[in-house]
Amino acid sequence: PGPHPAVVVHPGHSERIEAWRDSRGGLLFPRSGLALAILQPRASGSDAHEDRATRGLLVQGFTLIGLRVYETLLLRKYLRWRQDIDPSRIGLLGHSGGSAMANLAIRVALDWQACSTDMDSVYADWSERPLLLDETAPAIRGYVERIRELETAVVPTLRSEYGYPDGLFEALAFFEEQLAD
């Protein structure tokens, strides 16, 4: 019945929540007593749809990654409202593009209890392809090095190898420790 600690997960580009849960070991979290809330980002296929959404927001003075941070904070707000979740024990886990978002989210909302990330970003995706991805945020380009210095974050942060190649065991142990009573 809880209240349980929780981990908000933001998967990478083109990654479906079911695949993340089933192939990356997401089921280990609930088995260890950690509730899991996995976001399914919109326009996240590294394709023309994501490019269109990114450009459409940029010309209006917004960013898709900013929208992703906002959606993540809304999910955290919802979890804090639930009676079966301990609002003082919520962590954040990102993979790939989800890590780019997580690295920003812990700088925007300083009251996460823990964060696990596996990638840095330059927040200005001018790739070989003519597509812009959600991470394109020219206004924060000057802060990239500071954002990458996870050691200076006020949130305990685990930097994992890209893709969590050894599974989520290290991240799970980290969250179990950081989100313990």
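Helices here are DSSP runs of H or I with at least four residues, strands are runs of E with at least two, and both are numbered from the N terminus. With that in hand, the tour can start. Keep in mind that this is a predicted model.

**Stop 1: the whole chain**

Show the protein chain as a cartoon. How many helices and strands does the protein chain have? There are seven helices and five strands. Now trace the cartoon along the sequence. The order is β-α-α-β-α-α-β-α-β-α-β-α.

The C-alpha trace spans about 45 × 30 × 30 Å along its principal axes. The radius of gyration of the protein chain is 16 Å, and a compact globule of 181 residues would have one near 16 Å, so the two agree.

The accessible surface of the protein chain is about 9,000 Å². Carbon and sulfur atoms hold 56% of this surface. Of the 181 residues, 46% are buried.

Next, think about contacts along the chain. Take those with a separation of 6 or more: 70% of them join residues 24 or more positions apart.

**Stop 2: the start of the chain**

Select G2 and P3. P3 sits in the segment before β1. The peptide bond from G2 to P3 is cis, with omega near 10 degrees. Most peptide bonds are trans.

Move on into strand β1, residues 4-10, and select H10. Is H10 buried or exposed? H10 has a relative accessible area of 3%, so it counts as buried. Show what surrounds H10. Beyond residues up to four places away in sequence, H10 touches L39, P41, R68, T72, L93, G94, H95, G98 and M101.

**Stop 3: the loop with G25**

Select G25. This glycine lies in the loop between α1 (17-23) and α2 (28-31). Draw a line from the C-alpha of G25 to the C-alpha of V9. The two atoms are separated by 12 Å, and the residues are 16 apart along the chain. Which residues does G25 touch, not counting those up to four places away in sequence? They are W20 and L168.

**Stop 4: the loop with S44**

Select S44. Where is S44 found? Look in the loop between β2 (35-38) and α3 (48-58). S44 has 11% relative accessibility, so it counts as buried. The cut-off for buried is under 20%.

S44 and R16 are 28 residues apart in sequence, but their C-alpha atoms are 9.8 Å apart in space.

**Stop 5: where α4 meets α5**

Select helix α4, residues 64-81, and helix α5, residues 97-108. The pair packs at an angle of about 65 degrees, with the axes 9 Å apart. The crossing of α4 past α5 is right-handed.

Show the side chains where the two helices meet. On the α4 side, pick I65, R68, V69, T72 and L73. On the α5 side, pick A100, M101, L104, A105 and V108. Colour them by type. Eight residues of this contact are nonpolar, one is polar and one is charged.

Stay on α4 and select E71. E71 counts as buried because its relative accessible area is 19%. Which residues is E71 in contact with, leaving aside neighbours within four places in sequence? The answer is L39 and R42. The C-alpha atoms of E71 and P41 are separated by 8.7 Å, across 30 residues of chain.

**Stop 6**

Most residues other than glycine have a negative phi. The next two selections go the other way.

Select S96, in the loop between β3 (85-94) and α5. S96 is not a glycine, yet its phi is positive, at about 55 degrees. S96 has 11% relative accessibility and therefore counts as buried.

Select Y164 to finish. Where is Y164? Y164 sits in the loop between β5 (157-159) and α7 (169-178). Its phi is near 45 degrees, a positive value in a residue other than glycine. Y164 is buried too, because its relative accessible area is 6%.

Key. Residues numbered from 1 in each chain as written. Predicted model: local features only at pLDDT ≥ 70, side-chain atom pairs only at ≥ 80, totals over all residues. Heavy atoms only, no water. Axes fitted to C-alpha atoms, helices over the stretch in contact; angles between N-to-C directions. Left-handed = near helix turned anticlockwise from the far one by under 90°. Contact = heavy atoms within 4.5 Å. Nonpolar A, V, L, I, M, F, W, Y, C, P; charged D, E, K, R; others polar. Rg over C-alpha atoms; globule rule 2.2 N^0.38 Å. Buried < 20%, exposed > 50% of the residue type's maximum accessible area, 1.4 Å probe, protein only. Areas by Shrake-Rupley, 256 points an atom, 1.4 Å probe, with all protein chains shown as cover.
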